[in-house]
Amino acid sequence: MSEDARIESVLHEDRLFPPPQGIAERLGGALIGDLDQWREEHERALSDPDEYWGSVASKFWWAKSWDSVLRGTMPDTAWFDGGQTNVCFNCVDRHVVAGHGDQVGLVWEGEPTDDGTPEIRRLTWSMLQEEISRTANALRDLGVQSGDVVTIYMGMVPELAITMLACARIGAVHSVIFGGFSASAIADRVQDAQSKIVVTCDGSWRRGSVVPLKANVDEALASIDLVKHVLVLKRCKNDLEWHGGRDVWWHDVVDSASSECPCVPMDAEAPLFLLYTSGSTGKPKGILHTTAGYMVWTAHTAKNTFNLRADSDQMYWCTADCGWITGHSYIVYGIMPNRVPTLMYEGAPNAPAEDRFWDICARHKVTHFYTAPTAIRAFMKWGDEHPSRHDLSSLQVLGTVGEPINPEAWMWYYRVIGHERCPIVDTWWQTETGGHMITPLPCATPTVPGSCTLPAIGVDAAIVDQDGQEVPHGTGGLLAIRKPWPGMLRGIYGDRDRFMDTYWARLPGLYFAGDGARRDERGYFWIMGRVDDVINVSGHRMGTMEVESALVSHPSVVEAAVVGVPHEIKGTGIAAFCTLIPEQRPKTPEDQEALMAELRAHVGREIGAIAKPDLVRFTDALPKTRSGKIMRRLLRDVAAGVESTQDMTTLEDPKVLSQLRGEV
């Protein structure tokens, strides 16, 4: 293995937690009951994908059966080729046809009204079918045809999911833009997708303030002569400009539309949606997912990862926004086919108070809670008193998503939220993979804090060197996928060369995820961060994740981000940006210097002297995307003292970056 591919990993974690006693009974029975069953199904899916995935897919509704389950090799594969189905029918109509129309399919909670009482809506499968049909008919009346791209820029209201499903119902392709994005980000995405219609809200609520969604759309479209209609949902009743002939009120065209709209059978490989992700440079990438493979993959992984069971008391809540792939796959498309109610929440986790999530869990008796490590670290910072005042006994499975979780945050989640009786499914996957790729299973997998453990059924994941050869356990390398899976991306919209260069050029024949990782002696996977987040210090390569985990294990540190910084002797030094527990913040320059020295020594004890940060900075916040991921590439520019020229359209709060520049 070449030195460039090596990750020197000395982070050891010996705590092993078997599935909690009685968890299978609490979940209504284990779908995958132990590792022997996982190994058997995993091997069957890899050795005979046609038989395995054909059996899984047969449980869905098909207008026409497929000619082949898997055709082709990576990157050009087709799943269920020749078949026809409709994702909306499998998410909603199938349950109505089976007699479950009066069961609740979606629960929504908005931010509190003036009297402190949250607005709550409960939509049954029959209600969803009718609302989706009306929306689909309204889109058609506005000129939308099968294959057209509909841009959706909304807050977390039920109509967001309804519009996504309405597009799927009639064969339109949706492109959801997170409601916190700027006008320039909207313009880039609308232009790239050549979208002629935008669906938005007048505004959305966030911490008691109105996010001016319609105004952002107006600003974006001022520079684009492309969009024919803007469909506007009245949510906040904020003032807005109106463009007659282009702008249309939702209540004028949707509420009066027919509730009868048959689902259009779609070819298995027909596009389902675009979802734009940012690269380190250049314009955003429009990730393309198609119909049947994505549908089967997300529903199957959701069912196994969370042990979902219809006709149970399960209430599933993923705290993500539908503007991200997590919301697509694990609020809507993966959950609904399993006939388990999915909860959507409009607001922030600390509005009106820092116990809002736990209040929601208690009131709605949430059984499955799926959130990001960055949120968990915020909960830790806010204090144990917030979850402790609520009854969280309904919780059965806890999940994490979006980035590796450091062991101390994992332990806090396990003890304080799960009371040591809820398994944690630490999931690794990407926008490009469509759904879970590496994850524990709640009734089967002994878990280790910080590890996403074992591949999902049907995923051939490996740690390889620069030549694509698998490396021994305990050795770091590149995380790659060696065989196709149904949920894999089918391309970058309109840019075949970029698709090939980004995902397939470095390791020909393998999907390269861009992450460095290692496997321990159990075969468990540890994600060490993006390959460009691997730091070469005096010839020693280490993942940023292990240094961050060492820092966060110190009692003063809530969150840490580590990046490489130019160093005239070492080549690359280590810069650490840390947020602290409020009561631990230094009060004097002397206290600050002492804590910096203490943290450097702590990292040295945890990992080794080579990992001691050369630069430590304390900050109230870290630059993050609107989905909560730390933007380390911006921190590298801050640490190097250079003005960043990189894409910042996903940056949540630009003031954080300005503050950090002033400190360095």
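**Entry 1. The second largest cavity**

I began with the second largest cavity of this predicted model, whose lining consists of S175, V176, I177, F178, F181, R189, L275, Y276, G323 and W324. Two elements, β7 (173–176) and β14 (271–277), each give two or more residues to that lining. I noted a volume of about 60 Å³ for the second largest cavity. Sorted by class, its lining has seven nonpolar, two polar and one charged residues.

**Entry 2. The largest cavity**

How many cavities of 30 Å³ or more does the structure hold? I found six. The largest cavity has a volume of about 70 Å³. I listed its lining as W38, H300, T301, N304, T305, T439, L441, A456 and I457. Helix α10 supplies the largest share of this lining, four residues. By class, the lining of the largest cavity splits into four nonpolar, five polar and no charged residues.

**Entry 3. The second largest pocket**

I then turned to the second largest pocket, with a volume of about 550 Å³. Its lining is made up of 23 residues, and those nearest the centre of the pocket are V56, K59, H300, K303 and N338. The elements that give two or more residues to this lining are α2 (35–47), α3 (49–57), α4 (87–97) and α10 (292–306). Which element gives the largest share of the lining of the second largest pocket? The answer is α10, with four residues. I counted the classes too: ten nonpolar, six polar and seven charged.

**Entry 4. Salt bridges**

Side chains of opposite charge can pair when their charged atoms come close. I looked up the salt bridges next, and the structure holds 28 of them.

R246 and D218 meet through their side chains in a salt bridge, at 2.7 Å from N to O. R246 sits in the loop between β11 (229–233) and β12 (247–249), and D218 in helix α8 (residues 213–221), so this pair ties together parts 28 residues apart in sequence. Are R246 and D218 buried or exposed? R246 counts as buried because its relative accessibility is 15%, and the cut-off for buried is under 20%. D218 is buried as well, with a relative accessible area of 12%.

In the pair E403 and R377, the closest N and O atoms of the salt bridge are 3.0 Å apart. E403 lies in the loop between β19 (397–400) and α15 (407–417), while R377 belongs to helix α13 (residues 373–382), so parts 26 residues apart in sequence are tied together by this pair. Both E403 and R377 are buried.

For D620 and R585, I recorded a salt bridge between the side chains at 3.9 Å, N to O. D620 is in the loop between β30 (615–618) and α19 (632–640), and R585 is in the loop between β29 (571–580) and α18 (589–606), so the pair ties together parts that are 35 residues apart in sequence. D620 is exposed, with a relative accessible area of 57%, whereas R585 is partly exposed at 36%.

Finally, I found that E109, R356, D359 and R363 form one network, joined by salt bridges that share partners.

**Entry 5. R490**

Where does R490 lie? I placed R490 in the loop between β22 (477–481) and β23 (491–492). R490 is buried, its relative accessible area being 15%. A polar atom of the R490 side chain lies 2.4 Å from the backbone oxygen of M488. Apart from neighbours within four places in sequence, R490 is in contact with T77, W79, E269, L288, T290 and F499.

**Entry 6. L478**

L478 is part of strand β22. With 3% relative accessibility, L478 counts as buried. I checked L478 against D465, which is 13 residues away along the chain, and their C-alpha atoms are separated by 6.2 Å. What is L478 in contact with, leaving aside neighbours within four places in sequence? I noted A462, I463, V464, D465, Q466, R506, L507, F512, D515 and V531. D465 is therefore one of the contacts of L478 as well as the partner in the C-alpha separation, given that contact means heavy atoms within 4.5 Å.

Technical notes:
Residues are numbered from 1 along each chain as its sequence is written. This is a predicted model: local features need pLDDT of at least 70, side-chain atom pairs count only at pLDDT 80 or more; totals for chains, interfaces and linings use all residues. Side-chain values use heavy atoms; hydrogens and water are left out. On a 1 Å grid over the protein atoms alone, a cavity is a set of points where a 1.4 Å probe fits but cannot get out, and a pocket is an open set with protein on both sides within 12 Å along at least five of seven lines; lining residues have an atom within 4 Å of a point. Grid points are joined across faces, edges and corners, and a volume is the space filled by probe spheres set on the points. Ala, Val, Leu, Ile, Met, Phe, Trp, Tyr, Cys and Pro count as nonpolar, Asp, Glu, Lys and Arg as charged, and the others, Gly among them, as polar. A salt bridge is a side-chain nitrogen of Lys or Arg within 4 Å of a carboxyl oxygen of Asp or Glu. Buried means under 20% relative accessible area, exposed over 50%, partly exposed in between (1.4 Å probe, protein chains only). A polar contact is a pair of N or O atoms within 3.5 Å; within protein, one must be able to donate a hydrogen and the other to accept it, and residues adjacent in sequence count only if both atoms are side-chain atoms.
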